[in-house]
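Please look over the sequence and the model, and then follow the sections below.

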Amino acid sequence: MSDRKIDEYYMRRALSLACRGTGKTSPNPMVGCVLVRDDRVIGEGYHARCGADHAEVAALEDLARRGETARGATAYVNLEPCCHVGRTPPCAPRLVEEGVARVVAGMTDPNPRVDRKGLEVLRTGGVEVAGPCLEPECRWLNRGFVRVQTLGRPWVTLKAAAGLDGRIALTNGESRWITGPEARQWAHRMRASHDAVLVGVGTVLRDDPELTVRHTEGRHPLRVVLDSRLSTPIGAKVVSGGCLILTCCSDTAKAEALAEAGARIRRIPESRGLVDLGAALSCLVEEGVLSLMVEGGARVLTSFMALGLADELALFSSHRIMGEGPGLGTGLRLEAVSDSVLLKDARARRVGKDFLLEARFSCSPDL
């Protein structure tokens, strides 16, 4: 096996470890580390949650438990080791101190506080540095972190369920349940993998959703409601569950009543009388959100598309014909076919009796 293939093999192992932190590490990235010497894994670890040891330290501790030392070893890590003091000490100097001989980094850290500075600390300490290695896979895993560091907003996924005719609800607004139980379980797993889930107040008024994770294991994401006029009922399930309401309404009495019922209220600048979505995304970054799943309704989904603020689409398609009613793109007025919202990198899979289409929006910048 060539040296490149060997590096890729162990980097895939590091990526697999990093995935164990899905939904738990934000606002930190997901990172895994594998320590190898003489073609043998002598220690490995991953960043389990924000505030816990970074992957490199976890791998060194695992190595110590095995009675090994890191001297002369190669460290495979999917993200450049950090060199600044945050909630935990920096990792790059620690690897130098432990005698690691070589570090293979999957990608450089887009955080300006790190960005190649960690690699320079390693080189200055006499450590051989290699990489990038499997960079596209590494950047995709931490796409939310990359978005925040480069664009100042989370990675945004639009999730919807539609009939074969593209309608996501009936004319009366009813949308439960378009898809089958397998698709709903899949959607809840998607919720668990995101830091926040967002709906418009219309969905709250119509469906009174909890926006919690069910049918699968996983933490509950931050529940966010876009509510320009503070129309959310005090008795809504999402309020008693402790949601974040983003509003441009200045009605203090309404805000205080909702806060007493369990919600948090944050004022956002307005755009044409509605919450400014760009400002809303910036607010969510302040809340530690790297990945956001937008679940509706139709006009909220369309607004993210129209403003070029959506990165990914997850569209569940059922075997139903819904008839007249709102669809994905409702309210989007186009003058020509050439103005259509385009997708790229589309892939489809069967989920129970339904299908799931996943694709990137063409307007989404490359990672």
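## Helix α2 and its surroundings

In this predicted model, the buried residues of α2 pack against the strands β1 (32–37), β2 (40–46) and β3 (74–77), and also against α3. Helix α2 covers residues 55–65, and because 8 of its 11 residues are buried, the helix is largely enclosed by the rest of the structure.

The buried residues in question are A55, E56, V57, A58, A59, L60, D62 and L63. After α2 comes G67, a residue whose phi is positive, near 75 degrees.

## The nonpolar cores

The largest nonpolar core holds 43 residues, and those that touch the most other members are M11, V34, L35, Y76, V103 and L122. Helix α1 (residues 3–18) gives the most to this core, contributing 6 residues.

Leaving aside residues up to four places away in sequence, L35 touches A59, L60 and L63, as well as R40, V41, I42, G43, T74 and A75.

## The loop residue V100

V100 is found in the loop that runs between α3 (92–97) and β4 (102–105). This residue counts as buried because its relative accessible area is 4%, which is under the 20% cut-off.

When residues up to four places away in sequence are not counted, V100 touches A70, A73, A75, L95 and V127. The C-alpha atom of V100 is separated by 26 Å from that of T25, which lies 75 residues apart from V100 along the chain.

Definitions and conventions: Residues are numbered from 1 along each chain as its sequence is written. This is a predicted model: local features need pLDDT of at least 70, side-chain atom pairs count only at pLDDT 80 or more; totals for chains, interfaces and linings use all residues. Side-chain values use heavy atoms; hydrogens and water are left out. Helices (H or I, at least four residues) and strands (E, at least two) are DSSP runs, numbered from the N terminus. Buried means under 20% relative accessible area, exposed over 50%, partly exposed in between (1.4 Å probe, protein chains only). Contact means heavy atoms within 4.5 Å. A nonpolar core is a set of buried Ala, Val, Leu, Ile, Met, Phe, Trp, Tyr and Cys residues joined through side-chain atoms within 4.5 Å.
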